[in-house]
Amino acid sequence: QVPLVELGGGLVQTGGSVTLSCSGSGRTFRGYNMAWFRLAPGKEREFVASLAWSAGSVGATYYSETVKDRFTIFRDNIENTVYLQMNDLKTEDTAVYYCNAGLIVPGTAPGPYWGQGTQVTVSS
């Protein structure tokens, strides 16, 4: 498994914003499609967003219906980091968010590599 280290998360008020980051090594990050999944209490793992690999231009992005127009996934290839910018947060966004590498796009089946997860709690 490639190392994926997640940062960010925490407690945020309803309507607030937070940005998560996920960093990998250069040779493992490069060439991988990246994605974010989340796991909320009492729910199954949910696909959030994905970003196709692109060496230069921005790759294609994909979002779940529940986060579309609120969340943005983007990556910095120089820093080998993928981000998830989350705006207008709602209580139903409360979950552990996991970075994932290697999924096939377009699609929602995860790839084999995972970050350690970071908790995002949205207070009402």
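This note goes through the structure point by point, from its sheet to its salt bridges.

1. Basis of the note. The model is predicted, so local features need pLDDT of at least 70, side-chain atom pairs count only at pLDDT 80 or more, and totals for chains, interfaces and linings use all residues. Residues are numbered from 1 along each chain as its sequence is written, and side-chain values use heavy atoms, with hydrogens and water left out.

2. The sheet. An open sheet is formed by four strands in the order β1-β3-β8-β7, with antiparallel pairing. Because β1 (4-7) and β7 (71-76) stand at the edges with a single partner strand each, one side of each has no neighbour in the sheet. Direction ignored, neighbouring strands of this sheet are turned by 15° against each other on average. Axes here are lines fitted to C-alpha atoms, for helices over the stretch in contact, and angles run from 0 to 180 degrees between N-to-C directions. Strands (E, at least two residues) and helices (H or I, at least four residues) are DSSP runs, numbered from the N terminus. Two strands pair if DSSP finds at least two bridges between them. In general, strands of a sheet pair through backbone hydrogen bonds, either parallel or antiparallel.

3. The pair β1 and β3. These two strands run antiparallel and are joined by four bridges, with β3 covering residues 18-24. Val5 stands opposite Ser23 in β3.

4. Cys22. This residue also lies in strand β3. Is Cys22 buried or exposed? Cys22 counts as buried, because its relative accessibility is 0%. Not counting residues up to four places away in sequence, Cys22 touches Leu4, Val5, Glu6, Met34, Trp36, Asn80, Thr81, Val82 and Cys99. Contact means heavy atoms within 4.5 Å. Thr81 is 59 residues from Cys22 along the chain, yet their C-alpha atoms are separated by 5.4 Å.

5. Tyr32. The loop between α1 (26-29) and β4 (34-39) holds Tyr32, which counts as partly exposed at 22% relative accessibility. Tyr32 and Thr66 are 34 residues apart in sequence, and from C-alpha to C-alpha they are 25 Å apart in space.

6. The nonpolar core. A nonpolar core is a set of buried Ala, Val, Leu, Ile, Met, Phe, Trp, Tyr and Cys residues joined through side-chain atoms within 4.5 Å. Which residues touch the most other members of the largest nonpolar core? Of its 25 residues, they are Trp36, Leu84, Met86 and Tyr97. At least two residues of this core come from each of β3, β4, β5 (46-51), β7, β8, β9 and β11 (118-123). β9 gives the largest share, four residues. Leaving aside neighbours within four places in sequence, the contacts of Tyr97 include Leu20, Trp36, Phe71, Leu84, Met86 and Val120.

7. Backbone details. The peptide bond from Val105 to Pro106 is cis, with omega near -5°, and Pro106 lies in the loop between β9 (95-101) and β10 (113-114). Asp69 is not a glycine but has a positive phi of about 80°. Asp69 is found in the loop between β6 (61-63) and β7 and is exposed, with a relative accessible area of 78%. Asp88 also has a positive phi, near 50°, and is a residue other than glycine. Asp88 sits in the loop between β8 (81-86) and β9 and is partly exposed, with a relative accessible area of 38%.

8. Salt bridges. How many salt bridges does the structure hold? There are five, a salt bridge being a side-chain nitrogen of Lys or Arg within 4 Å of a carboxyl oxygen of Asp or Glu. In the bridge between Glu46 and Arg38, the closest N and O atoms are 2.8 Å apart. Glu46 is partly exposed, with a relative accessible area of 25%, whereas Arg38 counts as buried at 5% relative accessibility. In the bridge between Lys68 and Glu65, the closest N and O atoms are 3.5 Å apart. Lys68 is partly exposed at 40%, and Glu65 is exposed at 64%.

9. A linked set. Asp93 and Arg70 meet through their side chains in a salt bridge (2.8 Å, N to O). Asp93 lies in the loop between β8 and β9 and Arg70 in the loop between β6 and β7, so the pair ties together parts that are 23 residues apart in sequence. Both Asp93 and Arg70 are buried. A network of salt bridges links Arg38, Glu46, Arg70 and Asp93.

Methods:
Buried means under 20% relative accessible area, exposed over 50%, partly exposed in between (1.4 Å probe, protein chains only).
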